[in-house]
Amino acid sequence: MLRWSIATVSMGGTLETKLAAAARAGFRTIEIFENDLTFFSGKPRQVRAMAEDLGLEIVALQPLRDFEGASAAMRARNFERAERKFDLMGELGANLLCICSSVAEDSTGDVDHCAADLAELADNAARRGFRIGYEALAWGKHVRDWQQAWEIVRRADRANLGIVLDSFHIYARKNDVAPIANLPADRIALVQLADAPGLLMDAMSLSRHHRCFPGQGDWPLHEYLEACVASGYSGAISLEIFNDQFRGAPAAAIARDGMRSLQAAGERLDADRAARGQAPLHISRVLPKPGRITGVEFIEFATGPSLATPLETELEGLGFRRVARHKTKDVDLYRQNDVNIVVNREQDGFAHSFYLVHGASVCALALRFDDPARALERANALAAPTYHGRIGPGEALIPAVAGVENSLIYMVKDGAHNAWDMDFNFLTEPHNPGPLDRIDHLSNVVRRSEFLSWLTFYKAVLGFNDEPQVELADPYGAFYSRVISSSDGGVRIPINIADGGATTASRFIEAFGGGGVQQIALSTKDLFAFVEHARARGVRFLEIPDNYYEDLSARYDLAPDMIERMRSLGVLYDRHKNGEFLHIYTTMFEQRFFFEILERRDYDLFGAANTPVRLAAQANEYDRNLRDRAMLETE
Ligand code: MG
């Protein structure tokens, strides 16, 4: 039967913790990595009992290394090593031993020699009722591609010897996956699954540090899975992920993310099959389809009494107007065209707790869905439970799930704009026209260790798509970004992480006490006019060095008065094909967040070329603030 599995190496912690985490996440099958046994204080048969208690089948033990094609001196010792593994398998109740292609310098790549070794090993295994799986490592001494491994398995010709397919090695070697469909199903011993980001590095480094769950990287795993399944293979499909960040995270969270990513992979597999008129496989539970996200209904700020005023001054400077007040709470609605910002000054409840931990910050994001009930049902099915908050008399009950750092993601019915009347009294005309027309994007800074987890959350749970990863320089380290977007592109959220303690993203995490929304980008049709008005109303923008404009005039054929206008206002510029992009950043609010105001002219990107300038200017601003504070303290 096709079923999902996870290798113990994918998780951190003790073997007991890993088994419990896998079972809790819904796995019924695991692969045991021998290292985990080495560090386990009990006997292997206790592992077997533990697994049985948790309802887990141990599908394989791995690895046996440097076996085939060994020198005459090593050969006898290798067979002896294999016997010890068989003893271990007997105690564990595992039936399959996985061998990876030899990396031994003195081994031979002679196909018949290797086939003879594996045939003899398979015969030894058969006497004990075991099977052998042979896998091509991308950095094997002679065998690196799955087709080579298959040729050896084919020539060895033993019923209990099969090939282990691992998407990591296959994609790292750019092997063709389509012919996998032609393999005899009973000769595929195991299918392993790992994704990786499209980084240019050697396969071994990529494997050891950057393997990730399906959907967290850049490889077309659906094509690989489709080919495996098309062969008629009907065994375990196992996540085998070596990743430092995974091992450092709680095993329960990693197992949950692994299951989420597999559920989404299974869903994609069945959707592709349905499109071809094929029956679904149902390896995953049937999930409610992701809701279609059509926009952002509101952004909610948690704030305290002393910070509310500067925040409101900033919002008013940007053209927002307080249009409504909550009927029962100390909560106001600021609005400008389609952009709703809720300012929550309550002294208890969710927003207040959030404020106490994180300071003035975005505590909730309300997404518009075509079918919020179905979106919630899906989230629940993928281990994202419904948040139950305190609801006052006459207040709308908006379903929500927990997002980054336990902020809330509300799920609001698309087009239900009259819902505001239920909770708010309007103080003025509800529509406030202004220069800012919509939320263009929101950036989330997350802890490096949680980056992939949130990617899976946004994609598998909420139904966002993602774009390739971008890497940029920060004056104090490195900065990585991956943009997720709704299916119509209307809601886009760059997820940012940083390496380096003093990077803007790291300072944010330190000041904020965790990840969260660092940037709110709002669009306008006339940025110059907007900036002139906003500056007149006292909004402060990031200072951009003159050198930036020197460089700009050298790079683009822009009119000198245009450059001068940008320089005098602090506006940044980018161009892609025929499109142009003008944008500007407000100074940092309490070291936590800032607004970007932008004007798109047939331009669909994010001005990444200017991100290093922004990061450097923010670093300068930060240093200046530190100096000013030090001066104040010495005065
Ligand atoms: Mg493998």
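Is Arg565 buried, partly exposed or exposed, and at what relative accessibility? Arg565 counts as partly exposed, at 35% relative accessibility. Here, buried means under 20% relative accessible area, exposed means over 50%, and partly exposed lies in between (1.4 Å probe, protein chains only).

The model is predicted: local features need pLDDT of at least 70, side-chain atom pairs count only at pLDDT 80 or more, and totals for chains, interfaces and linings use all residues. Residues are numbered from 1 along each chain as its sequence is written, and side-chain values use heavy atoms, with hydrogens and water left out.

Side chains of opposite charge can pair when their charged atoms come close. The structure holds 51 salt bridges, each a side-chain nitrogen of Lys or Arg within 4 Å of a carboxyl oxygen of Asp or Glu. One of them joins Glu532 and Arg565 (3.2 Å, N to O). Glu532 sits in helix 18 (residues 527-536) and Arg565 in helix 20 (residues 560-569), so this pair ties together parts 33 residues apart in sequence. Helices (H or I, at least four residues) and strands (E, at least two) are DSSP runs, numbered from the N terminus. Glu532 is partly exposed too, at 39% relative accessibility.

Asp112 and Arg155 also form a salt bridge (3.1 Å, N to O). Asp112 belongs to helix 5 (residues 111-127) and Arg155 to helix 6 (residues 146-156), so the pair ties together parts 43 residues apart in sequence. Arg158 bridges to Asp123, with the closest N and O atoms 2.8 Å apart. Arg158 lies in the loop between helix 6 and strand 6 (161-166), while Asp123 lies in helix 5.
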